[in-house]
Amino acid sequence: MFFRISYIHFCSIIFMLIVAPALAGVTQSVDAQTDLSSWKIDDGNFELELAQLLPDQTRAFFLARGFSKQIANTIATSCIMQTIGRNSAEKEISASIDVDLKRWRMLHNGAESPVKLKEQWDSEWSAGEVIDAARLAFRWATFPTQQNFAHGDYGWGMTSFGLVPGERFDLKVVWSAAGVQKEAWIRGIQCAEER
Amino acid sequence: MMRQVTIQSMLLLLLSWSASAFSGQLLTPYKGVQPAPDFELVDVDGEKHRLSDYRGKPLIINFWATWCPPCREEMPSMNRAWHKVKDDVFMLAINVGEDEDTIFIFSADYPIDFPVLLDQSGDVIKQWPVKGLPTTFVLDREGNIRYTAVGAREWDDDALLEIVKGL
């Protein structure tokens with residue numbers, strides 16, 4: 001019986017095992033307590049979640065790390081999202097996931113642009129403007145520009161999209177598994193508004 | 001005929017692949033055998049610790065910060081793990097960029113009974129292959145990096161600790 005499997009059955013099994021999980025689904029949810037939105041991509045092996053952060057939350061975080069009011073406010077009003085990436089494959093022999101934020105693209109008002117990276121932020125601050133402890137905290141609190149997620153790994157950090165509170169944009173998320181590039185669009189992401 | 005045999009072979013391969021689906025991997029084997037970068041740091045009580053002093057037992061070394069949610073999530077399980085294996089395994093937490101007072105306040109809610117070292121300048125973490133917090137390394141008795149874990153783990157998991165104790 002087993003060895004009489006037809007070609008069509010075989011193709012169906014292949015689809016269920018490999019192709020179907022690779023189709024990335026995008027979901028949006030709203031936290032009932034905070035009323036903040038989040039967007040999640042899940043292709044069966046990789047999960048990427050973006051969650052709104054209130055400008056006040058971000059402002060308070062960076063003020064507490066030693067940033068000046070002015071710079072903390074500039075960061076806070078640049079559409080900061082909490083970002084969580086996870087290698088969610090159930091099989092431990094599954095490929096590791098590579099994420100490179102330089103390959104992500106935003107679409108806002110018909111114009112495509114890259115994500116603002118932590119290295120860009122850092123280069124904007126002069127030596128006397130930001131104390132070392134604050135610079136260090138920013139570096140480690142933001143999502144890594146490049147990260148590799150082995151099976152079971154997950155990473156966390158803030159990502160900035162350089163838009164004012166309330167703006168909407170689309171985001172092309174790009175990642176690769178075993179060198180094979182994958183991508184998915186998240187449509188209609190909204191930067192959290194001031195409350 | 002040939003196509004049928006190929007299909008059957010591929011199907012068998014796929015099914016055996018699926019069989020390992022739920023075995024679960026707790027730690028990621030480090031590529032190759034690499035000595036961990038040495039350092040000297042002070043702990044929250046001002047005592048000096050040199051990595052090279054921690055030889056002869058496996059060592060779990062965790063880079064973290066108090067403001068990092070997954071770091072907070074895993075710290076209780078790290079502390080429980082320490083009490084389970086402290087006779088067989090060394091454990092160090094390296095805080096990145098914060099001071100003793102901050103950690104003192106943190107430890108009121110999250111007790112840490114193993115040494116917490118201070119990398120206030122961030123010079124040590126730069127020498128290690130860390131991209132984000134928390135990242136944890138497991139070293140063997142000779143001081144080589146053998147496993148990594150990016151993101152939180154349940155460190156008091158018995159299967160995980162058996163892997164560590166076997167190094």
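**Figure 1. Two helices of chain A cross in this predicted model.** Helix α2 (residues 55–64) and helix α3 (residues 69–76) of chain A have axes that come within 8 Å of each other and cross at roughly 140°; axes are lines fitted to C-alpha atoms, for helices over the stretch in contact, and angles run from 0 to 180 degrees between N-to-C directions. Helices (H or I, at least four residues) and strands (E, at least two) are DSSP runs, numbered from the N terminus. The crossing of α2(A) and α3(A) is right-handed, where a crossing counts as left-handed if the near helix is turned anticlockwise from the far one by less than a right angle, and as right-handed if clockwise. On the α2(A) side, A:P55, A:T58, A:R59, A:F62 and A:L63 take part, and they meet A:K69, A:A72, A:N73, A:I75 and A:A76 in α3(A); two residues are in contact if their C-beta atoms, placed from the backbone, lie within 7 Å. By class, this contact of α2(A) with α3(A) has 6 nonpolar, 2 polar and 2 charged residues, with Ala, Val, Leu, Ile, Met, Phe, Trp, Tyr, Cys and Pro counted as nonpolar, Asp, Glu, Lys and Arg as charged, and the others, Gly among them, as polar.

Residues are numbered from 1 along each chain as its sequence is written, while chains are lettered from A and ligands numbered from 1 in the order in which they are written. This is a predicted model, for which local features need pLDDT of at least 70 and side-chain atom pairs count only at pLDDT 80 or more, whereas totals for chains, interfaces and linings use all residues.

**Figure 2. An open antiparallel sheet of chain A has 5 strands.** The strands follow the order β1-β2-β3-β4-β9, and two strands are said to pair if DSSP finds at least two bridges between them. β1 (25–30) and β9 (154–160) of chain A stand at the edges with a single partner strand each, so one side of each is left without a neighbour in the sheet. Neighbouring strands of this sheet are turned by 20° against each other on average, direction ignored. Strand β3 (residues 46–52) and strand β4 (residues 80–87) of chain A pair in the antiparallel sense over 7 bridges, and A:F46 stands opposite A:N87 in β4(A). β4(A) also pairs with β9(A), in the antiparallel sense over 7 bridges, and here A:G85 has A:G155 of β9(A) as its bridge partner. β9(A) is mostly covered, with 5 of its 7 residues buried; a residue is buried if 20 or more other C-beta atoms lie within 10 Å of its own, exposed if 12 or fewer, and partly exposed in between, with C-beta atoms placed from the backbone.

**Figure 3. An open mixed sheet of chain B has 6 strands.** Their order is β1-β8-β7-β4-β5-β6, with β1 (28–35) and β6 (116–119) of chain B as edge strands that each pair on one side only. The twist averages 25° from one strand to the next. Strand β4 (residues 59–64) and strand β5 (residues 90–96) of chain B pair in the parallel sense over 6 bridges, and B:W64 stands opposite B:N95 in β5(B).

**Figure 4. A cis peptide bond joins B:L133 to B:P134.** Omega of this bond is near -5°, and B:P134 lies in the loop between α4 (123–127) and β7 (135–139) of chain B.

Figure 5. Chain A averages a pLDDT of 88, and 86% of the residues score at least 70; pLDDT is the predictor's confidence in each residue, from 0 to 100.
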